[in-house]
Amino acid sequence: QVKPQFQSRANTNCRVFTAIEYRTQVVAGTMYFIKVQVSDAEYVHLKVFQSLPHENQGPSLADFQTGKTRDDPLTYF
């Protein structure tokens, strides 16, 4: 659901967009840190916020880091 948000903000078009790994952090909702494969050798780390269910809002892209590899550790940022 956040692929269009990422492509717009990063000004790119991803032919591959596969989540590889994720971590969560509970805040006033849930913050997801997701490692996503965007090409054969390139990965990005996404920070996605999912609000509480009663707010009826979909996930939103809070931040992202580009230029990652499959071996880069997924950390909070």
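This report describes the strand pairing, helix packing, aromatic contacts and selected residues of one predicted model.

The model is predicted, so local features need pLDDT of at least 70 and side-chain atom pairs count only at pLDDT 80 or more, while totals for chains, interfaces and linings use all residues. Residues are numbered from 1 along each chain as its sequence is written, and side-chain values use heavy atoms, with hydrogens and water left out.

## Sheet and helix

Helices (H or I, at least four residues) and strands (E, at least two) are DSSP runs, numbered from the N terminus. Two strands are taken to pair if DSSP finds at least two bridges between them. On this basis, four strands form an open sheet in the order E1-E2-E3-E4, with antiparallel pairing. E1 and E4 are the edge strands, each of which pairs on one side only. From one strand to the next, the twist averages 15 degrees; axes are lines fitted to C-alpha atoms, for helices over the stretch in contact, and angles run from 0 to 180 degrees between N-to-C directions.

Helix H1 packs on the sheet and touches E3 and E4, its direction making about 60 degrees with that of E4. Contact here means heavy atoms within 4.5 Å.

Strand E1 (residues 18–27) and strand E2 (residues 29–37) run antiparallel and are joined by nine bridges. The two strands form a hairpin with one residue between them, and Thr24 stands opposite Tyr32 in E2. E2 and E3 also pair in the antiparallel sense, over nine bridges. Within E3, His45 is the bridge partner of Lys35.

The UniProt annotation "domain: Cystatin", from an unreviewed entry, covers residues 2–69. UniProt positions are given in the numbering used here, feature names are shortened, and annotations may be inferred rather than shown by experiment. Over residues 2–69 the chain is 12% helix and 54% strand, and the end C-alpha atoms are 20 Å apart.

## Aromatic pairs

A pair of aromatic rings is described by the distance of the centres and the angle of the planes. Rings of Phe, Tyr and Trp (its six-membered ring) pair if their centres lie within 6.5 Å; planes under 30 degrees apart count as stacked, over 60 as edge-to-face and the rest as tilted. By this rule the count comes to five aromatic pairs. Among them is the pair of Phe6 and Phe17, which is tilted because the ring centres are 6.0 Å apart and the planes stand at 40 degrees. Phe6 lies in helix H1 and Phe17 in the loop between H1 and E1, so this pair ties together parts that are 11 residues apart in sequence.

Phe6 also forms an edge-to-face pair with Phe64, at 5.1 Å centre to centre and 85 degrees between the planes. That pair links distant parts of the chain, with Phe6 in helix H1 and Phe64 in strand E4, 58 residues apart.

## Accessibility and individual residues

Buried means under 20% relative accessible area, exposed over 50%, and partly exposed in between (1.4 Å probe, protein chains only).

| Residue | Relative accessible area | Class |
|---|---|---|
| His45 | 1% | buried |
| Phe6 | 2% | buried |
| Leu61 | 7% | buried |
| Phe17 | 24% | partly exposed |
| Asn56 | 70% | exposed |
| Asn11 | 73% | exposed |

His45 is located in strand E3. Not counting residues up to four places away in sequence, His45 touches Ile34, Lys35, Asp63, Phe64, Gln65, Lys68, Asp72, Pro73, Leu74 and Phe77.

Leu61 belongs to strand E4 (residues 60–68). Leaving aside neighbours within four places in sequence, Leu61 is in contact with Val2, Gln5, Phe6, Arg9, Leu46, Lys47 and Val48. The C-alpha atoms of Leu61 and Gln1 are separated by 9.4 Å, although these residues are 60 apart along the chain.

Asn11 is placed in the loop between helix H1 (3–10) and E1, and has a positive phi of about 55 degrees although it is not a glycine. Asn56, in the loop between strand E3 (43–51) and E4, has a phi near 50 degrees, again a positive value in a residue other than glycine.
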